[in-house]
Amino acid sequence: MSVQPTVIAQISDLHIKAFGRLSYKQVDTHAALLQVIDTLNALQPRPDVVVITGDLVDFGRPEEYQTLREALQRLQLPFYLMAGNHDDREALRAAFPDHTYLQAGPTLNWQLSVGGVRLLALDSSVPQQPWGEVDEQQLQWLDQALREAADQPTLVMLHHPPFACGIAHMDRQRLRHPEALEAIIVRHPQVERVLCGHLHRSLQTRFAGTLACVAPRRVASGGSGSASGGAGSLYSGAARLFAPLLAASAGEWSRISARLATFRDPGHFTIVRG
Ligand SMILES: [Fe+2]
């Protein structure tokens, strides 16, 4: 029996700038995004949804969000937005008024079900700060959402990784008080993944009884040194690949694998539960 997969594509850390400017004075992030969009549009199987896990633009400016909005018009798939430390909640809301899930409340949490897979987005951004935090109200929201659908395979997404990665300057700006998040997720084994961004490199680690994955950032290969930074650089070679693609089969999740792959590299691993 063939099973129709639910395919969720994650991209992250777009850092879009306006007026053709380069991110970090090196990287044409707008051109990189257009390439990623073309890749997404051509993917087979076709993703059901694209989630963009924060740092949508570089400085949270309205003109940057307009540039992002115009670029995303090229995307032929439904997409959902999250905030990172480079984002400005109100500017983001203003640029995407049709994204009603962003419009209410002090933070930009949202939830969505796609083909039997539940997506829970936690807004870990803190205005004017590089580090991340989720407050008590957000944690209660997450816990309640997980209680409501204990049997539904779930992805929890937040921009800031809740674990140390070993890169000192990034560890200083990771999620603060991750133990509070961990204490909730560990009680809910339906959480198949915790998906993050922020680090601009692909990482996977165990967290709270599940697997936490960080999406790499797609960077342009042109330009001097734009994709060849040394250790600790935001532009490591690893980030030259595309963001992960999570393919989760709907239905009998306990007997079906979940796969993680980059867009270019079909390598994957398999988890079998139950
Ligand atoms: Fe970030």
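**Exercise 1.** How many helices and how many strands does the chain have?

*Solution.* The model is a predicted one. Its chain has six helices and 11 strands. Buried residues make up 44% of the 274 residues.

**Exercise 2.** Determine the order of the strands in the open sheet of six strands, and identify its edge strands.

*Solution.* Begin with the order, which reads 4-5-6-7-9-8, with mixed pairing. Next, consider the edges: strand 4 (110–114) and strand 8 each pair on one side only, which makes them the edge strands. From one strand to the next, the twist averages 20°.

**Exercise 3.** Describe how strand 8 is joined to strand 9.

*Solution.* Strand 8 (residues 203–207) and strand 9 (residues 210–214) run antiparallel and are joined by five bridges. Within this pairing, Arg-206 has Leu-211 as its bridge partner, and Phe-207 stands opposite Thr-210.

**Exercise 4.** Which residues of helix 2 are buried, and why do they lie on the same side of the helix?

*Solution.* In helix 2 (residues 62–72), the buried residues are Glu-64, Tyr-65, Thr-67 and Leu-68. They lie on the same side of helix 2 because they cover an arc of only 155° around the axis. Their cover includes helix 1 (29–42) and helix 3 (89–95).

Definitions and conventions:
Residues numbered from 1 in each chain as written. Predicted model: local features only at pLDDT ≥ 70, side-chain atom pairs only at ≥ 80, totals over all residues. Pairing = 2+ DSSP bridges. Helix = DSSP H or I, 4+ residues; strand = E, 2+ residues; numbered from the N terminus. Buried ≥ 20, exposed ≤ 12 C-beta atoms within 10 Å, placed from the backbone. Arc of directions from axis to C-beta. Contact = placed C-beta atoms within 7 Å. Axes fitted to C-alpha atoms, helices over the stretch in contact; angles between N-to-C directions.
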